[in-house]
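Please keep the sequence and the model in view while reading.

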Amino acid sequence: MPRRATILEVARAAGASKTSVSRYFGGERERLSRELQGRIAEAARRLGYHPNQMARGLKGGRSRLIGMLVADIRNPFSVAVMHGVEQACREQGLSLLVCNTDNDPAQERDHLALLASYRVEGLVVNAAGSPDRELQGLAEQGIPLVLLDRELGEVEAEVVGLDNARAVDLALDHLQGQGYRELLYVSEPPEQASPRQARLSRFRQGIEARDLAGTAHCQPLDDGESLQRTIADFLARPGGAPGALLCANGNATLAATRALQALGARLGETGLLGIDELDWCALVGPGITTLAQPTEAIGRAAVECLMHRREAGDRTTPARRVHFQASLIPRGSTRR
């Protein structure tokens, strides 16, 4: 590999002191004359010099790194929120270090140790398992934490995500208003994911309060045959009351759409509503009705909470819960 130019070589090429070059790259350029700034910039360009931001940060006691732990980087929700986190970090002069756990608790613990070794200034955590002990240890070291979407019972941290109860209420009100009387709720297993638990619980409460009939299919979505059998049984139910599927997230919406297409069901005649707006939802049949999460705002809010926690420096202050509202995007899949 080619050898990297050093700050001393830049100083010699610019006819300047090492201290002046350090000031130029360290945010103190205003203390240098414009002529000296020009010489340093030209010397750095000619030598291909780039400052080692990690070394500078560790020397000054700040890494300028924010860590983000993602349960499943293939999830469209995770990607969209990550964009909001990255944008907010960039605006504040921070860099984002992302680790994907693939919903593996062991991988999650390893990544948390890795992020801590980089001396990150804050952590945004979309938990896959229950890393309460590891996160509590990081919090005791003074690292601010924000839990994204998924809560953990033993960790005192800011939580940013969707108002799940209100989202399910909005979905049920819409489906009932469109004349659907029997509902099938499609979700991945709710264990280890507090939003799935909250949505499933609200669904059960909501159908009882609205005098609707409903059942839930909570199985791994990679078992497509099981889901297709469940949906086929739902479509063939006796009585013929108008029925609809309510999907707990984008992955469930995709799996349910594939099963409905395989069964030859007509969207609208059988309702379909999914939590999470995905690009393809407007392109399938008459369009799929969704509840869109404000993912950009959620990601930005996570960084704002981190900065607030870091600047406050008071771990006795109660952690906040920041919940955003979903927006209904009605399309033909819920138009009878």
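## Basis of the values

The structure is a predicted model, in which local features need pLDDT of at least 70, side-chain atom pairs count only at pLDDT 80 or more, and totals for chains, interfaces and linings use all residues. Residues are numbered from 1 along each chain as its sequence is written, and side-chain values use heavy atoms, with hydrogens and water left out.

Helices (H or I, at least four residues) and strands (E, at least two) are DSSP runs numbered from the N terminus. Two strands count as paired if DSSP finds at least two bridges between them.

## The parallel sheet

Strands of a sheet pair through backbone hydrogen bonds, either parallel or antiparallel.

Strand 1 (residues 65-70) and strand 2 run parallel and are joined by six bridges. Leu-65 has Ser-95 as its bridge partner in strand 2.

Leu-245 stands opposite Leu-272 in strand 9. Five of the five residues of strand 9 are buried, so this strand is largely enclosed by the rest of the structure; buried means under 20% relative accessible area, exposed over 50%, and partly exposed in between (1.4 Å probe, protein chains only). Gly-271, Leu-273 and Ile-275 point one way from strand 9, whereas Leu-272 and Gly-274 point the other way.

## Aromatic pairs

The structure holds three aromatic pairs. Rings of Phe, Tyr and Trp (its six-membered ring) pair if their centres lie within 6.5 Å; planes under 30 degrees apart count as stacked, over 60 as edge-to-face and the rest as tilted. The ring centres of Tyr-24 and Phe-25 are 4.9 Å apart and their planes stand at 85°, so this pair is edge-to-face. Tyr-24 counts as buried at 9% relative accessibility, as does Phe-25 at 17%. Ring pairs link Tyr-24, Phe-25 and Tyr-49 into a cluster.

The rings of Tyr-185 and Phe-203 have centres 4.8 Å apart and planes at 25°, so the pair is stacked. Tyr-185 belongs to strand 6 (residues 182-187) and Phe-203 to helix 9, so the pair ties together parts that are 18 residues apart in sequence. Both residues of this pair, Tyr-185 and Phe-203, are buried.

## The second largest pocket

A pocket is found on a 1 Å grid over the protein atoms alone: a cavity is a set of points where a 1.4 Å probe fits but cannot get out, and a pocket is an open set with protein on both sides within 12 Å along at least five of seven lines. Lining residues have an atom within 4 Å of a point. The second largest pocket has a volume of about 500 Å³, a volume being the space filled by probe spheres set on the points, which are joined across faces, edges and corners.

Its lining comprises 25 residues, of which Asn-75, Glu-188, Arg-196, Asn-249 and Asn-251 lie nearest the centre. Helix 5 (76-91) and helix 9 (194-209) each supply at least two lining residues. By class, the lining has nine nonpolar, seven polar and nine charged residues (Ala, Val, Leu, Ile, Met, Phe, Trp, Tyr, Cys and Pro count as nonpolar, Asp, Glu, Lys and Arg as charged, and the others, Gly among them, as polar).

## Loop residues

Asn-103 is not a glycine, although its phi is positive at about 55°. Asn-103 is found in the loop between strand 2 and helix 6 (105-117) and counts as partly exposed at 37% relative accessibility. Asp-276, also not a glycine, has a positive phi of about 105°. The loop that holds Asp-276 lies between strand 9 (271-275) and strand 10 (289-292), and Asp-276 counts as buried at 8% relative accessibility.
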